[in-house]
Amino acid sequence: MFETTWLVIRAMGNIATFIGSLISRSVWLRMRRVRHQLISHSSHKDIEPKQSNIVVLGASMAGYHAAKTIAESILPNSPYHVVVVEPHDHFHFTWVLPRFCVVEGHEDKAFIPYGPYLAGVPDGVLRWIQGRALRITKSSVLLSSGEEVPYAFLVVATGAGATDALPSRVDTDDKTEGVAKLKDIQIRIKEARNLVVVGGGAAGVELATDAKSHYPEKTVVLVHSRDNVMHRFGPKLQNTAMDGLRDLGVKVITGDRLIGEDKEGGVVVLRSGKEIECDFLVNCAGQKPNSTLIAELSPKTITATGHVLVKPTMQIDDDSLPNVYLCGDIAETNTPNPNSRTARAQATIAADNIILGMDGHGPTYKYKPQWLEGLIKLTLALEKSVTHVGDFSGTELLFPAREKDVALMSAGAWKHMGGTPFQDDTETLLRFMSPTRAGASSLSEVP
């Protein structure tokens, strides 16, 4: 009881600290703009400075937020411009993908239009390229269109899972194709009598419980290589997830691994030698970081897991590349359970240090993992969920809830991204797209 009370007190303290940091940051940015206005009024410069690019590779949560933050901070007559390179034509709201792989009629809600989130960005300071990067050098980015974009600063936010498919990622850049892929997997799950789900992380647990909840007559088997599902979290959430699976009738096999699939025979084979009847197999294994571009630029910074070593300032841990920053799933920050909140926090640190760089100062802001950022909401059926929060010492709090909206938090995500649920506003982005580049070919490894 004491540990729970102490956790709540600490959480309130963390929230108060966060609010204080937001106020402090707002004052800093306001004073920066005031100083610029005073200096501009007292100086008369007729020479137009040479343009300098701040290139952002990837516009999922980390890259999108970094681009927005930097672009909104660019002062009038500044030589700096933001260039975003992103292959998708819409933002992919990946948290709802397991649900929309099962439940029909909501596919479009997973694809949020780019553009409205940038409503506060002044004209002329941001350029959006729907494209792919082929190579990064110490001074430029080469795109598959053939264009080479020089940079003064570079933010790499290419994420993870570029080669993965549903339910973890949508393996296409086109929304129409993405909707079709979701509908296809819905049909295959609906028609399967024996569904096998591989992977006992959040995506696997959610898809298995949704499928069994929606189609109780099906046989659903979840195979996980670890001893417990949700193994990256504490025992309370592990046990709650296991209870949720078993209460629905999902058969759970832990400590075993899939080694083969015989589609003609209708079985999958496990490392233990066990064979399981299978009409349809869904792979929910973890994603690998999309770090190939960095591996070519700075191989010594790549870890065994494929993540990229970074400094607390979110600069790459390579002193020869002081103007290269990373954030999100690609960055190795020793964060226990990275998610969209950690990606956003890292993006803010990277952006603020680049803002300092634009003003001629060195980076001073540092990212430190916060246990409250690891909060997770896990669905355990169509109408059931549990929210988990735990600190780094192992104390956990669980908040069970009933879900009233089958589309989960889709509407809230659209609003957060500046959009109106569920109006597919594709016009807003056009003011940031160069007419000669709007149709450019699509950045290597950006999810």
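Leu-408 sits in the loop between strand 22 (396-402) and helix 9. In this predicted model, Leu-408 has a positive phi of about 55°, although it is not a glycine. Most residues other than glycine have a negative phi, and most peptide bonds are trans. With a relative accessibility of 8%, Leu-408 counts as buried. Asn-77 is another case, with a positive phi of about 65° and again no glycine. Its place is the loop between helix 2 (61-73) and strand 2. Is Asn-77 buried or exposed? Asn-77 counts as exposed, because its relative accessibility is 71% and the cut-off for exposed is over 50%.

Cis peptide bonds turn up as well. One joins Leu-166 and Pro-167, with omega at about 15°. Pro-167 belongs to the loop between strand 9 (153-156) and helix 4 (175-191). A cis bond also links Pro-421 to Phe-422, and here omega is about -10°. Phe-422 is found in the segment after helix 9 (410-416).

Stepping back to the chain as a whole, there are nine helices and 22 strands. The radius of gyration is 23 Å, close to the 22 Å that the globule rule gives for 447 residues, so the chain is as compact as a globular protein of that length. Along its principal axes, the C-alpha trace spans about 75 × 55 × 45 Å. Of the 447 residues, 51% are buried. The accessible surface comes to about 20800 Å², and carbon and sulfur atoms account for 53% of that. As for charge, the chain carries 47 positive and 50 negative side chains, and the centres of the two sets lie 5 Å apart.

Val-83 is in strand 2 (residues 80-85) and counts as buried, at 4% relative accessibility. Its C-alpha atom is separated by 8.6 Å from that of Val-125, a residue 42 positions away along the chain. Leu-143, in strand 7 (residues 140-143), is buried too, with a relative accessibility of 2%. The C-alpha atoms of Leu-143 and Tyr-325 are separated by 19 Å, and the two residues are 182 residues apart along the chain.

A nonpolar one of about 660 Å² is made by Ile-15, Phe-18, Ile-19, Leu-22, Ile-23, Val-27 and Met-31. Val-27 lies in helix 1 (residues 2-42) and is partly exposed, with a relative accessible area of 47%. A negative patch brings together Glu-261, Asp-262, Glu-264 and Glu-275. Within this group, Asp-262 is part of strand 13 (residues 258-262) and counts as partly exposed at 36% relative accessibility.

Then there are the salt bridges, 18 of them in the structure. One is formed by Arg-25 and Asp-352, whose closest N and O atoms are 2.8 Å apart. Arg-25 lies in helix 1 and Asp-352 in helix 8 (residues 340-358), so this pair ties together parts that are 327 residues apart in sequence. Arg-25 counts as partly exposed at 22% relative accessibility, whereas Asp-352 is buried at 3%.

Lys-181 and Asp-171 form a salt bridge as well, with 3.6 Å between the closest N and O atoms. Lys-181 is in helix 4 and Asp-171 in the loop between strand 9 and helix 4, 10 residues apart. Lys-181 is partly exposed, with a relative accessible area of 32%, and Asp-171 is also partly exposed, at 38%.

Glu-403 lies in the loop between strand 22 and helix 9 and Lys-377 in strand 20 (residues 376-381), so the pair ties together parts that are 26 residues apart in sequence. Glu-403 is buried, with a relative accessible area of 11%. Finally, Asp-108, Lys-175 and Asp-424 are linked in a network of salt bridges.

Terms used: Residues numbered from 1 in each chain as written. Predicted model: local features only at pLDDT ≥ 70, side-chain atom pairs only at ≥ 80, totals over all residues. Heavy atoms only, no water. Helix = DSSP H or I, 4+ residues; strand = E, 2+ residues; numbered from the N terminus. Rg over C-alpha atoms; globule rule 2.2 N^0.38 Å. Buried < 20%, exposed > 50% of the residue type's maximum accessible area, 1.4 Å probe, protein only. Areas by Shrake-Rupley, 256 points an atom, 1.4 Å probe, with all protein chains shown as cover. Lys, Arg positive; Asp, Glu negative; His and termini not counted. Charge placed at Lys NZ, Arg CZ, Asp CG, Glu CD. Patch = residues over 30% accessible without salt bridge, like charges linked within 9 Å, V, L, I, M, F, W, Y side chains within 5 Å. Salt bridge = Lys/Arg side-chain N within 4 Å of Asp/Glu carboxyl O.
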